[in-house]
Amino acid sequence: MTSNGHPAQPSFYQRFARTILLVTALLCPFAIFGMGKAIQSNKNRVIDWLPKKFAETQRLLWFVDEFGSDEILAIGWPECTIHAESVDQFVTALQQPVEFAGETKPIFREVISGRSVLEEMISEPLELPEDVATSRMRGWLLGDDGQSTCIIARIVKNEDGAYSRQTAVQFVKDTAEQLGIPASELKIAGPTADSVAIDEAGVDRINLLRILSLAFGMGLAWLSLRDAGHVAAVFVTALVATLFCFSSVYWLGYNMDAVLLPLPALIFVLTISGAIHLSHYFRDAAADHPLESSPAIAIRDGWLPCTLASITTFVGLISLSISQVVPVARFGILSAIGVVISLVTLLTVWPACAQLLCTKKKTSGQSDAAKSHSSNAWWRPVYKTATRFHLQFVLLILIGYPILSYGLCQTNTSVHLHSLLPKSSSLIQSYGWFEEKLGPLVPVEVVLSFPAVDDPEGKIIYSRAEVVDTLREKVDSLPDSGGTFAATSFLPKLPTEQGARQLMMRRVIGKRMLKRRDLLISRRMIAVGDKEEYWRVSTRVASHNRDYSPFLDSLETTVDEFIKEQKAAGIDVDAKVCGSIPLIQMAQKQLLFDLIKSFSVAFIFIAVAMVVLLQVPIGGLLAMIPNVFPSLLILGIMGFLGSLVDIGIMMTASVALGIAVDDTLHFLIWYRRSSEAGNDQDVAIEDAFRKSASAMLQTSLICGLGMLPFAASSFGPVSR
């Protein structure tokens, strides 16, 4: 009833609650379809994650264009030796056509082994002595023991231009089983295996972790609200927001990746947190107003803090989109869109559910809950401590800032494979096994470019082989370099002496090289462009090395000095250092820069929002101090402990800042409302505690514990 005795006008939600829920229900099938498509699109390849604009990326893409993709598998087992016939059996089996992708064809375009390469080297036309052949193979196809070897298989593309990585790895496992090789002894590594391992780690137990996250969130929601109607309204709202957010991955044309897998859980707990705040506003309204109008009053009181909180969270997340690391930028964009979806559902679906589920009748339990909510004083000791010792708290934080900032400066970053997977991963174990048996496994490429010229006599190809072999020896002598090979590894031994007889030998060898040129091109040792001819020198570095800078610096210096020497001798040659390692090293530096940049952007925009809200510049800036402190605390401690900042940690700082401000905004809005009502500062602070403290505690626990199950993820960035 209104003050003049007329019936109160039904609120918007009283009139349209069923319509809102009906429209939502009609949209859900499209969202479910999009979610299914998003799940199917999950694919991961570390190289695809790295910055596209880097010179290192462009060089890697150029290398792939000229020499082909690095989609290979390295396969081994304890009995995989240079004289084991089972190696030939394995190679033959891998080359057989099988039915996949709707047709029958080989999965692997090329399969070689140490046995097959050795046989090629000691047979015609090379006819190298076996000791020379084995010395050339050491470190990449042959171990130091002269026995251990491996199989290298390069997979083919499907008709749609994609690679069937999972199919290829499974085919290798099935083949090993057919040949009687125990699964526990089979070792598989290489870029293709990396992608498959990340795919598997990302989805490993992911459904269980999501269920646990849901259970934690809903369990805490029940402990917070103790009312089936309110909990149901919170659950439906969070579920709808999560579903629509998940489906947006597909509808916006993105693919899922391992970094995006916890996105639904993040939106779920954020939506629950917002709905908890609105439920508390509902109960405040129910204590003084009819239940029928409580949802509308809750939205009236809560839309501003919820909107501002969503804006700050949006800013924290969207700031990640400026990152050059692809999955980080993608996560920032899609999670920010998810926050917008969450806000829309909070302002539509939640009040509609609350109108239908929480306003039927005012039971004694509900009445008591409303009273206890307004009179609950658990927060009073916290309020008294905070206000009594406020200077001490401020001093403690101000002392902590420079100390933790110093720790932050000590942090190191990583986008390395070993930071993405646990040490117990079969892939990491396989890399360790290969490097123990054969040597370093991760390739670094040096590509020499010569002008394309006619060479009917073989003189030019011989002179170029001399240049390439000289560089190969220099690269092989570098510390941390292993398994260096080039086209000259598959050519006759080059004479080193001078004289008429040696000159004649050079001419003969040059002509023999011309005959093997097509083979070298097919082996991807030489590539021919429109105006240039490219020869590669490939070396190997250890996969467990976290910092490749010293090696890359020495390699660049060696190559630069060598090119200067050749040019001084009148040889027209240039060189590029290519491969994934230079790109990964640069990306690690970029990751730290992105962390600082995204956090700074989030800080500036959120600080402006705080200044506008408080309408006091110094007050808005001071309000940022406690909001930045949690992220600084974690990163500073990590710096002191020597922990690596990976993709997951990098995203956490900006996300944490955006979420931390949420509760601050709810608190400050109630503080401002009390101040504008004429209350002094102490009363305004107490009112803010009374109105928001319970919801702040509950939503913080829900956000923290709701995401905690993902600490058990096998994928490092998600876990961290």
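**Close-up 1. Arg205 sits in the loop between α8 and α9.** In this predicted model, helix α8 covers residues 191-203 and helix α9 covers residues 206-225, with Arg205 in the loop that links them. Look at the backbone here: Arg205 has a positive phi of about 60°, although it is not a glycine. Is Arg205 buried or partly exposed? Its relative accessibility is 37%, so Arg205 counts as partly exposed.

**Close-up 2. Arg524 lies in the loop between α20 and β10.** Here the loop runs between a helix, α20 (500-522), and a strand, β10 (526-528). Arg524 is not a glycine, yet its phi is positive, at about 65°. With a relative accessibility of 17%, Arg524 counts as buried, because the cut-off for buried is under 20%.

**Close-up 3. Helices α13 and α24 pack against each other.** Now for a pair of helices: α13 spans residues 326-357 and α24 spans residues 647-676. Their axes are 10 Å apart and meet at an angle of about 30°. Angles under 35 degrees count as roughly parallel, so α13 is roughly parallel to α24. The crossing of the two helices is right-handed.

Key
Residues numbered from 1 in each chain as written. Predicted model: local features only at pLDDT ≥ 70, side-chain atom pairs only at ≥ 80, totals over all residues. Heavy atoms only, no water. Helix = DSSP H or I, 4+ residues; strand = E, 2+ residues; numbered from the N terminus. Buried < 20%, exposed > 50% of the residue type's maximum accessible area, 1.4 Å probe, protein only. Axes fitted to C-alpha atoms, helices over the stretch in contact; angles between N-to-C directions. Parallel < 35°, antiparallel > 145°, perpendicular 65-115°, else oblique. Left-handed = near helix turned anticlockwise from the far one by under 90°.
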